[in-house]
Amino acid sequence: LRMRQHDANGRQIAAWLLNRLGPERIIYPGLANHPQHALAASQMSGFGGMMTLELGSQENANRFLQGVRVFSLAESLGGVESLTNHPFTMTHGSVPVEVKRAMGLTDGMVRLSCGIEDVEDLIGDLDGALADL
């Protein structure tokens, strides 16, 4: 039940973010513009609710993370609740900057794990957090 809702919310949120931010700022295999969308579609029955947003700077990422109210800041993602993190300073914080850059990791990236809450509540939360960026 959790994974079904995680996937459904992830798909709806990715579609909303696509319109809100544009395709170059969202990394989600469920979007047709993802470079491995066809592979993901052939291997998976769903695309899940994990995605990455590129917000352009650490300042924007910090404002976003401070602005969310339903999504909670967490080191580890994937629970029933909606979670977010800043990989540059959290999960990859001890990795040298040049290695992070070589991996494609930027200080403006945030990760989302869409939980099982009502999708309209989640979209409203994201809309509010993105309003000042």
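Helices here are DSSP runs of H or I, at least four residues long, numbered from the N terminus. You're looking at a predicted model, where local features need pLDDT of at least 70 and side-chain atom pairs count only at pLDDT 80 or more, while totals for chains, interfaces and linings use all residues. Residues are numbered from 1 along each chain as its sequence is written, and side-chain values use heavy atoms, with hydrogens and water left out.

The tour has three salt bridges (a side-chain nitrogen of Lys or Arg within 4 Å of a carboxyl oxygen of Asp or Glu).

Start by selecting Glu 59 and Arg 63: their side chains form a salt bridge, 2.8 Å from N to O. Both sit in helix H3 (residues 58–67), and because they are four residues apart there, about one helical turn separates them. Now colour by relative accessible area (buried is under 20%, exposed over 50%, partly exposed in between, using a 1.4 Å probe and protein chains only). Glu 59 is exposed at 53%, whereas Arg 63 is partly exposed at 31%.

Next, pick Asp 7 and Arg 11, whose closest N and O atoms are 3.0 Å apart in a salt bridge. They lie four residues apart in helix H1 (residues 2–21), so about one helical turn lies between them. Asp 7 is buried at 14%; Arg 11 is partly exposed at 35%.

Last stop: which residue does Arg 20 form a salt bridge with? Select Asp 127, with closest N and O atoms 3.3 Å from each other. This pair links distant parts of the chain, 107 residues apart: Arg 20 in helix H1 and Asp 127 in helix H5 (residues 119–130). Arg 20 is partly exposed at 33%, and Asp 127 is partly exposed at 35%.

Terms used:
Helix = DSSP H or I, 4+ residues; strand = E, 2+ residues; numbered from the N terminus.
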